[in-house]
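Take a look at how two chains meet in this model.

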Amino acid sequence: MKRATLARLVLLGPPLAFLLLTFVLPLLRVIWGSVFAPDFTLEFYERMWRTPVYGRVFWITLKLSFLTTVFAALLGYPAAYFLDTVKPRTRQVLLLCVIVPFFLSVLVRNYVWMVLLQRTGLVNRVLSEWGVIGAPLDLMYNELGVLVAMVNMLLPYMIFPILSALLAIPPELRHASASLGAHPAKTFWRVTLPLSMPGVAAGGLLVFIVSLGFFITPALLGGPRQMMVSNLIEFSVRQVLNWPFAFALANTLLIGTLLLYAIYIRALEGRMPRTAGLP
Amino acid sequence: MRRRVIRFVPRAALAAAGGSVLAFLVVPVLTVIPMSFSSSMTFELIPTAPGLSQYQRFFASPEWMVALGRSVQVALGAMLVATVLGTLAALGLRRLATRTRRLLEAALIAPRIVPSIVFAVAAYYVFAAAGLVGTVGGLILAHSVLAFPFVVVFVGSAMASIRRWRRPR
């Protein structure tokens, strides 16, 4: 065996073997379990497909993920654009605002949102003290609460790709546009925005993919009408102990996620910095 | 070098918009700190009677201490497994052709993409058969899978910044 091949084998062998056993094998078991119970059957997929309630859960999942992506883009772009215009030192400090929340557990961050959004929570108290509202608003156990928390948790996935796309634009291009007489608004519209679109696309796809699998946020901040596929899977396993049906749901979610991930990888191949996927 | 970027909105408006988004990200997280010094059992942002009673309750409780110990155990174990395996993978990826490397890297990052509940259900089922459910070892294994991509990405980008040296033939 050539030395180079041996080196690759020694280096990649253990991690691949580890992932195969602890990650790939369990997922294959899910796929297998969704169609063999114990004989081959498509009964669970049929039930998932035929029952309107389950269709609704998939629809809600897609809708919440889409809305999260749109709001994350609308909020993330100005933030990334602002970070692009400040001095590098300032940027490093400000980027801490984006990175620090990542160090906290998702569970803790969801609890924080519960504290802020409940009827006696901080937001309601401040608004009523200022006389903005008479009675407390329902800010959680509904779509609003889920969206606020999801956007909050997924914004970094949007900001990082947009920022790296913006930083990759040579400043000369914008200076050239300005020196040729373009109004700054036109420069933004014709130069900056188009050149940063791959960042928006990467961030958007990533936010959407991660949104699809959200579990804790809809469970804690949503109501019964915000049940997402992940929650339905947990419900099938914990409450009704219907494993094959949970497997069918999990497999559907898995395939959808992996398809979108494949599109993400292919579309952005070589166009984004390699860390874009992981803030 | 200082980047001078042409802006189309006034600096103040941009700073206000960008700054509010950054505040939306970080302020909710920071509210945890003052709230932890509250002595009442309900949520207060500014404690009416600040004190360390919650901390006393936490450190005096045997149950919480067991949980804390378990968290540390799982974190240390996952750190060890994920760092060793992730570094090996990052070193190995460098020795592959660009196309193969991109594909394999995408596959190695997949644990962060697959919905957590899907992995949890899958791991539960297979780990149960191996007697790993309800053990610290099982938790370490599952968390190593989730932490592994971070190591691959961070070690990989750290190495990409090292100038490629030529090996003597």
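Helix 4 of chain A and helix 1 of chain B are oblique to each other, because their axes cross at roughly 50°. Oblique covers what is left once angles under 35 degrees count as roughly parallel, over 145 as roughly antiparallel and 65 to 115 as roughly perpendicular. The axes come within 9 Å. They are lines fitted to C-alpha atoms, for helices over the stretch in contact, with angles from 0 to 180 degrees between N-to-C directions. Helices here are DSSP runs (H or I, at least four residues), numbered from the N terminus.

Which residues meet? From helix 4 of chain A come Leu94(A), Cys97(A), Val98(A), Val100(A) and Pro101(A).

Now the whole interface. In contact are 67 residues of chain A and 53 residues of chain B; contact requires C-beta atoms, placed from the backbone, within 7 Å. Helix 1 of chain A (residues 3-35) gives the most to chain A's side, with 16 residues.

This is a predicted model: local features need pLDDT of at least 70, side-chain atom pairs count only at pLDDT 80 or more, and totals for chains, interfaces and linings use all residues. Residues are numbered from 1 along each chain as its sequence is written, while chains are lettered from A and ligands numbered from 1 in the order in which they are written. The model scores ipTM 0.86 and pTM 0.88.

Definitions and conventions: Helices (H or I, at least four residues) and strands (E, at least two) are DSSP runs, numbered from the N terminus. Two residues are in contact if their C-beta atoms, placed from the backbone, lie within 7 Å.
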